[in-house]
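The structure is shown first, and the description follows.

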Amino acid sequence: MAGVIGDMEVAMIDQATLALAESLLLECRAAGLKIVTAESCTGGLIAATLTAIPGSSDVMDRGFVAYSNAAKTDLVGVPAELIASAGAISEAVARAMAEGALRHAPADLAVSVTGLAGPGGGSVDKPVGLVWFGCMRRGRPSATLRRVFPGDRTEVRRASVAQALELLRQAI
């Protein structure tokens, strides 16, 4: 079964999510696909989950932790004007993060996540738990998904990791 992440992350990632990561890696390996992540609210937890699995290095290429707006622009090329007009937590930014991750990596599949894990900062339009995902396979159109996850910061991040892994599986 899957390996162990760091002490802090172990509490965040359940065995079902680690099993999903392991299955995803097997499918990507069989198809000869490499993965790149672009993460904001998950802070690298998707990449950490994938790399917790022994042998993941032949599938996992790299992960961008683009937590700040400047990092989204600097690391994966999200236009600052797009962030200013649409907001960092938006469909447009999630899509641009996934597309930018593929432009900046020799990978085949990209997933991005940008959201509001809380506990503060929510609004009527963008409540705590709102997460936008972007997913793209090279040569195909990108896809996005909006979810509002219940729970505290840990639960929102945990659910976001599982959802991101499932999106990658669907993109294979």
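## Surroundings of Trp132

Leaving aside residues up to four places away in sequence, Trp132 touches Ile89, Ser90, Glu91, Ala94, Ser112, Val113, Thr114, Thr144, Leu145 and Arg146. The model is a predicted one. Trp132 lies in strand E4 and counts as buried, because its relative accessibility is 14% and the cut-off for burial is under 20%. The C-alpha atoms of Trp132 and Ala88 are 9.6 Å apart in space, although the two residues are separated by 44 residues in sequence.

## Strand pairing

Strand E1 covers residues 35–39 and strand E2 residues 60–65; the two pair in the parallel sense. Between E1 and E2 the chain passes through helix H3 (residues 45–51), and this β-α-β crossover is right-handed. E1 also pairs in the parallel sense with E3. E3 and E4, in contrast, run antiparallel, and E4 and E5 are likewise antiparallel. The pairings, with a facing pair of residues for each, are listed below.

| Strands | Sense | Bridges | Facing residues |
|---|---|---|---|
| E1 and E2 | parallel | 5 bridges | Glu39 and Val65 |
| E1 and E3 | parallel | 5 bridges | Ala38 and Ser112 |
| E3 and E4 | antiparallel | 7 bridges | Val113 and Phe133 |

E4 and E5 form a hairpin with 5 residues between them. Within the turn, Gly139 has a positive phi of about 85 degrees. Most residues other than glycine have a negative phi, and most peptide bonds are trans. The peptide bond from Gly118 to Pro119 is cis, with omega near 15 degrees. Pro119 is located in the loop between E3 and E4.

How many of the residues of E3 are buried? The count is 7 of the 7, so E3 is largely enclosed by the rest of the structure. In a regular strand the side chains alternate between the two faces of the sheet. In E3 both faces are covered: one side carries the buried residues Leu109, Val111, Val113 and Gly115, and the other carries Ala110, Ser112 and Thr114, which are also buried.

## Nonpolar cores

The largest nonpolar core has 35 residues, of which Ile35, Ile46, Leu50 and Leu165 touch the most other members. Helix H2 (15–31), H3, strand E3 (109–115), E4 and H7 each give two or more residues to this core. H7 gives the most, with 7 residues. A second, separate core holds 18 residues and includes Ala38, Ala71, Ala96 and Ala101.

Ile46 is placed in helix H3 and counts as buried, because its relative accessibility is 0%. Apart from neighbours within four places in sequence, Ile46 is in contact with Thr37, Glu39, Val111, Val113, Val161, Ala164 and Leu165. Ile46 and Ile13 are 33 residues apart in sequence, with a C-alpha to C-alpha distance of 9.7 Å.

## The aromatic pair

A pair of aromatic rings is described by the distance of the centres and the angle of the planes. The count for this model comes to 1 aromatic pair. The rings of Phe133 and Phe149 have centres 6.3 Å apart and planes at 85 degrees, so the pair is edge-to-face. The cut-offs behind this assignment are centres within 6.5 Å and planes over 60 degrees apart. The pair links distant parts of the chain, 16 residues apart: Phe133 is in strand E4 (residues 130–137), whereas Phe149 is in the loop between strand E5 (143–148) and helix H7 (153–171). Both Phe133 and Phe149 are buried.

Ser142 sits in the loop between E4 and E5. Is Ser142 buried or exposed? Its relative accessible area is 15%, so Ser142 is buried. The side chain of Ser142 makes a polar contact of 2.9 Å with the side chain of Arg95. A polar contact of 2.9 Å also joins the side chains of Ser142 and Glu99. With neighbours within four places in sequence left aside, Ser142 is in contact with Arg95, Glu99, Cys135 and Met136.

Definitions and conventions: Residues are numbered from 1 along each chain as its sequence is written. This is a predicted model: local features need pLDDT of at least 70, side-chain atom pairs count only at pLDDT 80 or more; totals for chains, interfaces and linings use all residues. Side-chain values use heavy atoms; hydrogens and water are left out. Rings of Phe, Tyr and Trp (its six-membered ring) pair if their centres lie within 6.5 Å; planes under 30 degrees apart count as stacked, over 60 as edge-to-face and the rest as tilted. Helices (H or I, at least four residues) and strands (E, at least two) are DSSP runs, numbered from the N terminus. Buried means under 20% relative accessible area, exposed over 50%, partly exposed in between (1.4 Å probe, protein chains only). Contact means heavy atoms within 4.5 Å. Two strands pair if DSSP finds at least two bridges between them. A crossover is right-handed if, with the strands pointing away from the viewer, the path from the first strand over the helix to the second runs clockwise. A polar contact is a pair of N or O atoms within 3.5 Å; within protein, one must be able to donate a hydrogen and the other to accept it, and residues adjacent in sequence count only if both atoms are side-chain atoms. A nonpolar core is a set of buried Ala, Val, Leu, Ile, Met, Phe, Trp, Tyr and Cys residues joined through side-chain atoms within 4.5 Å.
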